[in-house]
Amino acid sequence: MFTYDLLNTFDQKLQDYALTHLRKKQNVQVHLGAFVQKVEPSVVHVKLGESAMSIRYGTLVWCAGIKPHPFVTQFGFMMNDKGTQILVDPYLKVKGEDGIYAIGDCATIEDYWLPQTAQVANQQGQYLAKSLSEDDQQKIKPFEFHNKGTMAYLGGLTAIMANLPGVNRITGFVAFLGWRFTYWFLQLSMRNRFMLSTDWLRTFIFGRDLTRFGPRSKPT
């Protein structure tokens, strides 16, 4: 039995909040559980349950989820049930192999599912670097993910945040400010922070620049 939801890394209340905001405030038509059957130059045909529907569009953006690179699936390692991720033990070592490790989106810890986010990959990279530098392997403890918060931007001046230290959930404008600050703070240099700040300010005052040069894009 399949379940179809939106932003499934968040709890049900935040999922409902996001769905309501997109539909009522952003005027976005959300069709959960719709399967794309065919795409034509100006129409996309989808199947929704037992019925079919056609949606006209001007610009089609296709986001079909995360697909593993052939290098991952064809290497011959032990894989998860879906055959999409390499199975690793709690120390991030590939199951059934000696001296081979896998981290990030290409791997999953057996019986310890983690979301495929940069936060997880970053912590795994730091953990593995320390593990490989440790002379006494007996001191190494299994990898444990520490969630520092999950955020999603919903358009306008609205976002949602969850699992922050001391706070379970934040929504609306306050979450938007938190999302913006976190994005700004995590930039790797002051140069990037300055450029990002000026870009945000320019967009706030004049709106986003949609100017483009050259011939119009053609359907392929």
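The UniProt annotation "domain: FAD/NAD(P)-binding", from an unreviewed entry, covers residues 6-125. UniProt positions are given here in the numbering of this model, with feature names shortened, and such annotations may be inferred rather than shown by experiment. The structure is a predicted model, in which local features need pLDDT of at least 70, side-chain atom pairs count only at pLDDT 80 or more, and totals for chains, interfaces and linings use all residues. Residues are numbered from 1 along each chain as its sequence is written, and side-chain values use heavy atoms, with hydrogens and water left out.

Over residues 6-125 the chain is 22% helix and 20% strand. The end C-alpha atoms of this stretch lie 28 Å apart. In total, the protein chain has five helices and eight strands. Both kinds of element are DSSP runs, numbered from the N terminus (helices: H or I, at least four residues; strands: E, at least two). Their order along the sequence is α-β-β-β-α-β-β-α-β-β-β-α-α.

The overall dimensions come next. The radius of gyration of the protein chain is 22 Å, whereas a compact globule of 220 residues would have one near 17 Å. This radius is taken over C-alpha atoms, and the globule rule is 2.2 Å times the number of residues to the power 0.38. Along the principal axes, the C-alpha atoms fill a box of roughly 60 × 45 × 40 Å.

Of the 220 residues, 27% count as buried. Buried means under 20% relative accessible area, exposed means over 50%, and partly exposed lies in between (1.4 Å probe, protein chains only). The protein chain exposes about 16600 Å². Carbon and sulfur atoms supply 57% of that area. Accessible areas come from the Shrake-Rupley method with a 1.4 Å probe; for residues, only the protein chains shown count as cover.

Contact means heavy atoms within 4.5 Å. Among contacts with a separation of 6 or more, 29% join residues 24 or more positions apart. The chain carries 24 positive and 18 negative charges, and their mean positions are 14 Å apart. Lys and Arg count as positive, Asp and Glu as negative; His and the chain ends are not counted. Each charge is placed at NZ of Lys, CZ of Arg, CG of Asp or CD of Glu.

Individual positions were then examined, beginning within the annotated stretch. H21 is found in helix α1, which spans residues 12-25. H21 has a relative accessible area of 8% and is therefore buried. Not counting residues up to four places away in sequence, H21 touches Q26, L154, G155 and T158.

V72 belongs to helix α2, residues 70-73. The relative accessible area of V72 is 10%, so this residue is buried. Leaving aside neighbours within four places in sequence, V72 is in contact with M79, T84, I86 and C106. V72 and A107 are 35 residues apart along the chain, yet their C-alpha atoms are separated by 8.9 Å.

L92 sits in the loop between β4 (86-88) and β5 (107-109). L92 is buried, because its relative accessible area is 0%. Phi of L92 is near 70 degrees, a positive value in a residue other than glycine.

S131 is found in helix α3, residues 118-133. At 9% relative accessible area, S131 is buried. Beyond its neighbours within four places in sequence, S131 is in contact with Q137 and I140.

G156 is placed in the loop between β6 (150-155) and β7 (158-164). G156 counts as partly exposed, with 38% relative accessibility. With residues up to four places away in sequence set aside, G156 touches Q26 and F176. Q26 is also touched by H21. The C-alpha atoms of G156 and T198 are separated by 18 Å, and these residues are 42 apart along the chain.

N163 is found in strand β7. N163 has a relative accessible area of 34% and is therefore partly exposed. Phi of N163 is near 60 degrees, which is a positive value in a residue other than glycine.

F185 lies in helix α4, residues 172-185. F185 is partly exposed, at 48% relative accessible area. F185 and G207 are 22 residues apart along the chain, and 23 Å separates their C-alpha atoms.
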